[in-house]
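Please open the model in a viewer and keep a selection tool at hand.

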Amino acid sequence: APRLASDQAHLMHGAVWVSMSVLVNVAYGYNITVPIHTLFRSCNVVSSVIVGWLFFGVTYGVSQLFSVVLVTCGIFLATIGDASVLCVHCDGGILGALTNAKEDMRVWAVGIAILLLVLFLQAFLGHLQRIFYDRYPGTSDEFMFFSHVYALIPTFLMAQGLVKSLSNLAASQPISPLVPVPSGLVYLLANNITQSVCIRGVFALSAVVSPLSVNLTLSVRKFSSVVFSVIWFNNPWTGLHSLATLCIFGGSSVPILAMWLSSRKEKEQ
């Protein structure tokens, strides 16, 4: 089939998508746990509203802004909760970490900064997709394909590190005594399959609904990731993480509830 979107559109979309995809994985190397990583990425509703208002002239209702406030509180609580986990062996809580584990906290702070940058790149990408899909209807698969083509560039640049990581996965313990396959390779395959399904779904969803609706949907999906990471992989969890989860996912559901009530009211009239 002939290509419909322009080279400039594909280049702009690919640059933002690849940058976001690389950075979101780089963050794991900076003392960032899976729960805090997922909670931060669930806050894309905030960045979507801010970026939409600042750069794309989008206006929002009271329920949407209230949602942003709740999610922002959740970000703050999750960050403090993760810091307390990081310095669990330090005297004096977070203050003790700043004096006894300064290097760890500096590394962690870089990870938080990377996650914040990813949030805004993701929000910017969502609004770009809305513009491009309106301009070039029916091109979600086309943009997904070219984005993955552009992703080959950093793959080649990081080839040495990828080979080393693949060797480490190949040397991991077997998944079970009956199946002598390295568990790391099994997890890698499972991750690639689920990522493929997820990415395809996100691109398709972005073509038919607003960026804010996409982000709200993703926030709900990421809630299951947080719960799964804690139950299955025993990732650290505190009371602050629980409160942050309520704020983030509660805030994300506010616009959905408002739209449902508005639709119900219209039907009654």
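A contact, as the term is used here, means heavy atoms within 4.5 Å. Among contacts in the protein between residues at least 6 apart in sequence, 75% join residues at least 24 apart. The model is a predicted one, in which local features need pLDDT of at least 70 and side-chain atom pairs count only at pLDDT 80 or more, whereas totals for chains, interfaces and linings use all residues. Residues are numbered from 1 along each chain as its sequence is written, and side-chain values use heavy atoms, with hydrogens and water left out.

**The whole chain**

Begin with a cartoon view coloured by secondary structure. Helices (H or I, at least four residues) and strands (E, at least two) are DSSP runs, numbered from the N terminus. The protein has 12 helices and 2 strands, and their order from the N terminus is α-α-α-α-α-α-α-α-α-β-β-α-α-α.

Next, switch to a surface. Accessible areas come from the Shrake-Rupley method with a 1.4 Å probe, and for residues only the protein chains shown count as cover. The protein exposes about 15200 Å², of which carbon and sulfur atoms supply 69%. Residues are called buried under 20% relative accessible area, exposed over 50%, and partly exposed in between (1.4 Å probe, protein chains only). Of the 269 residues, 37% count as buried.

**Annotated segments**

Select residues 12-30, 42-62, 68-95, 107-125, 145-163, 197-220 and 240-261, which an unreviewed UniProt entry lists under "transmembrane region". The UniProt positions are given in the numbering used here, with feature names shortened, and annotations may be inferred rather than shown by experiment. Two of these spans can be examined individually. Residues 12-30 are 79% helix and 0% strand, with their end C-alpha atoms 28 Å apart. Residues 145-163 are 89% helix and 0% strand, and here the end C-alpha atoms lie 24 Å apart.

**His10**

Which helix holds His10? His10 is placed in α1 (residues 7-26). His10 is classed as buried because its relative accessible area is 3%. Show its surroundings: leaving aside neighbours within four places in sequence, His10 is in contact with Arg3, Ala5, Glu142, Phe143, Phe146 and Tyr150.

**Salt bridges**

Side chains of opposite charge can pair when their charged atoms come close. A salt bridge is counted when a side-chain nitrogen of Lys or Arg is within 4 Å of a carboxyl oxygen of Asp or Glu, and the count by this rule is 2.

Select Arg130 and Asp134, whose side chains meet in a salt bridge with an N to O distance of 3.1 Å. The two residues are 4 apart in helix α6 (residues 102-135), so about one helical turn separates them. Arg130 is buried, at 19% relative accessible area, whereas Asp134 is exposed, at 53%.

Move on to Arg200 and Asp141, where the closest N and O atoms of the salt bridge are 3.8 Å apart. This pair links distant parts of the chain, since Arg200 belongs to helix α10 and Asp141 to helix α7 (residues 140-150), 59 residues apart. Arg200 is partly exposed at 47% relative accessible area, and Asp141 is likewise partly exposed at 44%.

**Cysteines**

A disulfide is a covalent bond between the sulfur atoms of two cysteines. Under the criterion of a pair of cysteine sulfur atoms within 2.5 Å, the count is 0. Cys73 is in no disulfide, and the nearest cysteine sulfur, that of Cys247, is 5.8 Å away. Cys73 is partly exposed, with a relative accessible area of 39%.

Now centre on Cys247, in helix α12 (residues 239-268). Is Cys247 buried or exposed? With 14% relative accessibility, Cys247 counts as buried. Not counting residues up to four places away in sequence, Cys247 touches Leu70, Val71, Gly74 and Leu77. The C-alpha atoms of Cys247 and Val68 are separated by 9.9 Å, although the two residues are 179 apart along the chain. Select Cys198 as well; this residue is partly exposed, at 25% relative accessibility.

**A nonpolar patch**

At least two patch residues come from each of β2 (179-182), α10 (183-206) and α11 (211-233). Helix α11 gives the most, with 3 residues. Tyr187 lies in helix α10 and is partly exposed, at 44% relative accessibility.
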